[in-house]
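Keep the viewer open as you read.

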Amino acid sequence: MGITKEKKTEVIEQYKLHDGDTGSPEVQVAILTTRITQLTDHLRSNKHDESSRRGLLKLVRQRRRLLADMRQNEYNRYLPFAEQLKIRKK
């Protein structure tokens, strides 16, 4: 049930900083956000799927750490990026 290769490529193309960029915080957070959205939709229809719920919580923690690091070190890039992904800012 993961993210399709085409969708992942589309997300990378949209958020990359330069050619060949797959590891920048922006790309990583965008991919995680896509996966979180898909898992959230899955859990709405499958309320008792505890293993998927655990995976969702793991993804949310990972995204939160990346965003916290980005907010601390690259604040001027963090603000427009968080707004573009519609992520709440603390």
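What follows goes from the core to one helix, and then to its packing partner.

A bit of bookkeeping: this is a predicted model, so local features need pLDDT of at least 70 and side-chain atom pairs count only at pLDDT 80 or more, while totals for chains, interfaces and linings use all residues. Residues are numbered from 1 along each chain as its sequence is written, and side-chain values use heavy atoms, with hydrogens and water left out.

In soluble globular proteins, nonpolar side chains tend to be buried together. Here the largest nonpolar core has 21 residues, and Y15, V29, L67, F81, L85 and I87 touch the most other members. (A nonpolar core is a set of buried Ala, Val, Leu, Ile, Met, Phe, Trp, Tyr and Cys residues joined through side-chain atoms within 4.5 Å; buried means under 20% relative accessible area, exposed over 50%, partly exposed in between, with a 1.4 Å probe and protein chains only.) At least two residues of this core come from each of α1 (5–15), α2 (25–45), α3 (50–73) and α4 (75–84). The largest share, eight residues, is supplied by α2. Helices are DSSP runs of H or I with at least four residues, numbered from the N terminus.

Now zoom in on α4. Which of its residues are buried? They are Y78, F81 and A82. These cover an arc of only 100° around the axis, so they sit on the same side of α4; the arc is that of the directions from the helix axis to the C-beta atoms. The face turned away from that buried side carries the exposed residues N76 and E83. The cover over the buried residues of α4 includes α1, α2 and α3. Take F81: leaving aside neighbours within four places in sequence, F81 is in contact (heavy atoms within 4.5 Å) with Y15, E26, V29, A30, L67 and M70. After α4 comes K86, with a positive phi near 60°.

How do α3 and α4 pack? Their axes are 6 Å apart, at an angle of about 130°. Axes are lines fitted to C-alpha atoms over the stretch in contact, and angles run from 0 to 180 degrees between N-to-C directions. The two helices are therefore oblique to each other, given that angles under 35 degrees count as roughly parallel, over 145 as roughly antiparallel, 65 to 115 as roughly perpendicular and the rest as oblique. On the α3 side, L67, M70, R71 and N73 meet Y75, R77, Y78 and F81 of α4.
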